[in-house]
Amino acid sequence: MSTTNFTVRMDSNLKKQAEELFSELGLSMSAAFTVFVKQAVYEHAIPFRISRELPNAETLAAMREAEDIISGKISSGSYKNAAELFKELDCEAEEDGNADS
């Protein structure tokens with residue numbers, strides 16, 4: 001089997017992290033890329049999921065609320081300490097019927 005050279009450009013910090021990981025796994029950078037390419041050819045696809053995870057509806061609502069608080073559209077309370085915050089949260093849970101007790 002003949003071999004060929006392949007050059008990859010990447011961030012130097014990323015390369016260092018990859019080399020450390022692959023070394024712990026007993027692989028060189030070259031061997032790791034070869035494993036990746038062989039698996040891609042075998043599966044006729046990238047051998048792992050590539051996606052942009054989108055926030056769910058609850059997270060999107062929280063992000064919008066945070067933006068509204070920052071912009072001053074809605075006001076938010078402040079607390080002197082964590083105990084004060086948790087006391088208010090417990091009261092809200094009881095009002096909603098979601099108390100754990």
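## Close-up views of the predicted model

**View 1. Glu65 is found in helix α3, which covers residues 57-71.** Helices here are DSSP runs of H or I with at least four residues, and strands are E runs of at least two, numbered from the N terminus. The model is predicted, so that local features need pLDDT of at least 70 and side-chain atom pairs count only at pLDDT 80 or more, while totals for chains, interfaces and linings use all residues. Residues are numbered from 1 along each chain as its sequence is written, and side-chain values use heavy atoms, with hydrogens and water left out. Glu65 is partly exposed, with a relative accessible area of 44%; buried means under 20% relative accessible area, exposed over 50%, and partly exposed in between (1.4 Å probe, protein chains only). Between Glu65 and Val37 the sequence separation is 28 residues, and their C-alpha atoms are 44 Å apart in space.

**View 2. The two ends of helix α3 carry Asn56 as an N-terminal cap and Gly72 as the following residue.** A side-chain oxygen of Asn56 lies 3.2 Å from the backbone nitrogen of Glu58. From its first C-alpha to its last, the 15 residues of α3 reach 21 Å, close to the 21 Å expected at 1.5 Å a residue. The expected span is 1.5 Å times one less than the number of residues in the helix. Gly72, which follows α3, has a positive phi near 90°.

**View 3. Helix α4 is shown with Asn81 at its start and Gly97 just after it.** Helix α4 takes in residues 82-96, and its end C-alpha atoms are 21 Å apart, in agreement with the 21 Å that its 15 residues should span at 1.5 Å a residue. At the start of α4, the backbone nitrogen of Ala83 is reached to within 3.2 Å by a side-chain oxygen of Asn81. Gly97 takes a positive phi of about 75°. Within α4 lies Glu88, which is partly exposed at a relative accessible area of 35%. The side chains of Glu88 and Tyr79 make a polar contact at 3.1 Å. Such a contact is a pair of N or O atoms within 3.5 Å; within protein, one must be able to donate a hydrogen and the other to accept it, and residues adjacent in sequence count only if both atoms are side-chain atoms.

**View 4. One aromatic pair is counted in the model.** The ring centres of Phe36 and Phe48 are 5.9 Å apart and the ring planes stand at 40°, so the pair is tilted. The pair links distant parts of the chain, with Phe36 in helix α2 (residues 29-43) and Phe48 in the loop between α2 and α3, 12 residues apart. Rings of Phe, Tyr and Trp (its six-membered ring) pair if their centres lie within 6.5 Å; planes under 30 degrees apart count as stacked, over 60 as edge-to-face and the rest as tilted. Phe36 is partly exposed, with a relative accessible area of 30%, and Phe48 is partly exposed, with 47%.

**View 5. His44 has a positive phi near 55°, in a residue other than glycine.** His44 is placed in the loop between α2 and α3. With a relative accessibility of 74%, His44 counts as exposed.

**View 6. Three salt bridges are present in the structure.** A salt bridge is a side-chain nitrogen of Lys or Arg within 4 Å of a carboxyl oxygen of Asp or Glu. Lys15 bridges to Glu19, with the closest N and O atoms 3.2 Å apart; both residues lie in helix α1, four residues apart, about one turn of the helix. Lys15 is partly exposed at 39% relative accessibility, as is Glu19 at 35%. Lys16 and Glu20 meet in a salt bridge at 3.6 Å, N to O. Because Lys16 and Glu20 are four residues apart in helix α1, about one helical turn separates them. Lys16 counts as partly exposed at 49% and Glu20 likewise at 41%. The side chains of Arg49 and Glu53 form a salt bridge at 3.2 Å, N to O, and both of these residues are exposed.

**View 7. Phe6, Val8, Met10, Leu14 and Phe33 make a nonpolar surface patch of about 460 Å².** Patches join residues with over 30% relative accessible area and no salt bridge: like charges within 9 Å, nonpolar side chains (Val, Leu, Ile, Met, Phe, Trp, Tyr) within 5 Å. Accessible areas come from the Shrake-Rupley method with a 1.4 Å probe; for residues, only the protein chains shown count as cover. Leu14 has its place in helix α1 (residues 12-24) and is partly exposed, with a relative accessible area of 46%.
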